[in-house]
Amino acid sequence: MSRQDSRKRYREIAGVLARHGFEWLWSRWGIGRVLGTVEKRSGAGPSPTLTQPERLRLALEELGPTFIKLGQMLSTRPDLLPPDYIVELSKLQDHAPTVPYDEIASIVRREFGEEPGAVFPSFEVQPRAAASIAQVHSAKLPDGAPVVVKVRRPHIEAQVEQDLTILGQVARFLAQNAEFGKRLDLESLADEFSTTLRNELDFTREGQNAERIAAQFTDDPSLLVPTIYWEYSTHCVLTMQEIQGIKIDDLEALSAAGIDRQELAKRCAHIALVQVLDHGFFHADPHPGNFFVQPDGVIGLLDYGMVGQLSDRLRASLLRFAMAISRHDSERLVDELLALGAAPVSLDRRRLKRDLENLLTRYDRRALGEISAAQVFRDVTTIAQNHGLKLPSDLILLARVVALDEGLGAKLDPDFKLIEFAQPYFKRFWQKNHSLRAVARRAGEGAIDLADLAIDLPERLVRLSGMIERGEVTVTSRLEVPEELTKKVQRAANRIAVSVLTAGLIIGLSVMALVYRPAGSEGFGYFLLKTLLGVGVASGVWLAIALWKSTR
């Protein structure tokens, strides 16, 4: 995009925000220094009946794909926004006007060198869905297999890159000029969002995600993942198996088809728990629109553009965290929460422990089935935010998955309790993680790491020494001492400093007295040196007496 196009987009964003009642951003945070001034526009302002979260949702929808995705991402971050914003942004609809068939055909022709009708014997002109990033068409392969073809919207990549650049500039400005921007590390959040959205634009990644999750359920028939046809796919065209069925939130249709909704709720939870606990790689957008129930109760899951990943260490830490909650062990809770997130230098461990103890009292004397997993995540996330802890983004995605799965389970079966159902899965994961084979594997990995450290240690020490010499290492500590003691230490330090200066003065004057002797007589200069030397000696004696008294 040219500079002129960029300025036009800046003005467009500023105008939309102002029209929806967010012109206060210019005066409160000075965002106008990034987006520019707002042109006054004719027309009615925001409806007085709309809340600010509702106006924000409407503004994001009007601004297009990047901002819709931004709102959807923010709806998963209760650590960043208040609950009313989370609820409203969760309603963001990723719909867009349909792209004319000629433009879709030109993209297919560019990718495969042939018209859609030559690549696919049957290719529907009318799309079956149109979203902000892609448009989906029904088609058939040469062997007659029904497929859906997901085609990226024309020019979407350039538009997204332009918007991501603007968001990065705004985030950088707020991180440098607003306290909350520094505290939330908005620059890192903007970088993370940019990476996620760019990955979502690359359909090969979505196909790889689908195949990875399909491999997790090779011997488990509870989940149906669409087959990816790579010979008909590129980075902006994705061809996959067509999956039809009953939408999982259509309760009347499920009942009419004779599908047991209680078993369906358990199957949904089973799919999520297997992904998270057994494999650490999970579908991170399990909203009801992505679930299609087959006649035999098997669940077909679509849209693998957003995924999360948890390391073995993070999953083990989560399990210990859950065990600490069940045992009401606040000290262990603090340790595990600090292991999960990066802590600021100013962290007050005692206050963190107190807040976690207050949290535990809310769950005291409550049966396991009465505790909401989503509520636990929200409470812990709020505490972490209040103490400046930065939790991993994949952990935040997991919180969203838990909330969606728990809500879906309750809709299918009002008596369904996710935490109670998950107990055997937690137990199996704990046993697997503490088996002799797992312990031996970790011990072997630890031995290899230790050997590597022993080999690399001399070189690392040399690098560390160089960094210290260049002043590149900063050590920060905080020592709490009584104010009176601080004052005494300060007075003593001041006297010591003056003593050093006085000693230097005495030595310097003594040397000068020995060297400086005017020819023929002692002269006035020599007399002045002896006088100053006497004053210095007297000052030194006085300081010595003062220091002796201060230590008694």
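**Notebook: a look through the predicted model**

I started with L186, which counts as buried because its relative accessibility is 16% (buried means under 20% relative accessible area, exposed over 50%, partly exposed in between, with a 1.4 Å probe and protein chains only). This is a predicted model, where local features need pLDDT of at least 70 and side-chain atom pairs count only at pLDDT 80 or more, while totals for chains, interfaces and linings use all residues. Residues are numbered from 1 along each chain as its sequence is written, and side-chain values use heavy atoms, with hydrogens and water left out.

**L186, continued.** I placed L186 in helix 11, residues 186-201 (helices are DSSP runs of H or I with at least four residues, strands are runs of E with at least two, numbered from the N terminus). What does L186 touch, leaving aside its neighbours within four places in sequence? I found A171, L174, F180 and G181 (contact means heavy atoms within 4.5 Å). I also checked L167: it sits 19 residues from L186 in sequence, and 10.0 Å away in space, C-alpha to C-alpha.

**Helix 16.** Next I went to residues 330-340 and listed the buried ones: S330, L333, V334, E336, L337 and L340. An α-helix has 3.6 residues a turn, so residues three or four places apart point the same way. For the cover over those buried residues, I noted helix 15 (312-327), helix 17 (349-363), helix 18 (373-386) and helix 19 (393-412) among the elements involved. At the start of helix 16, I saw a side-chain oxygen of D329 within 3.3 Å of the backbone nitrogen of E331.

**Cysteines.** How many disulfides does the whole structure hold? My search came back with zero (a disulfide is a pair of cysteine sulfur atoms within 2.5 Å). I looked up two cysteines anyway: C236 is buried at 1% relative accessible area, and C268 is buried at 5%.

**M467.** I found M467 in helix 21, residues 436-469. Is M467 buried or partly exposed? I put it down as partly exposed, because its relative accessible area is 31%.

**Whole chain.** I counted 23 helices and eleven strands. Of the 552 residues, 41% count as buried. Among contacts with a separation of 6 or more, 66% come from residues 24 or more positions apart. I got about 30,900 Å² of accessible surface for the chain, with 56% of that belonging to carbon and sulfur atoms (areas come from the Shrake-Rupley method with a 1.4 Å probe; for residues, only the protein chains shown count as cover).

Methods
Polar contact = N/O pair within 3.5 Å; in protein donor to acceptor, adjacent residues only side chain to side chain.
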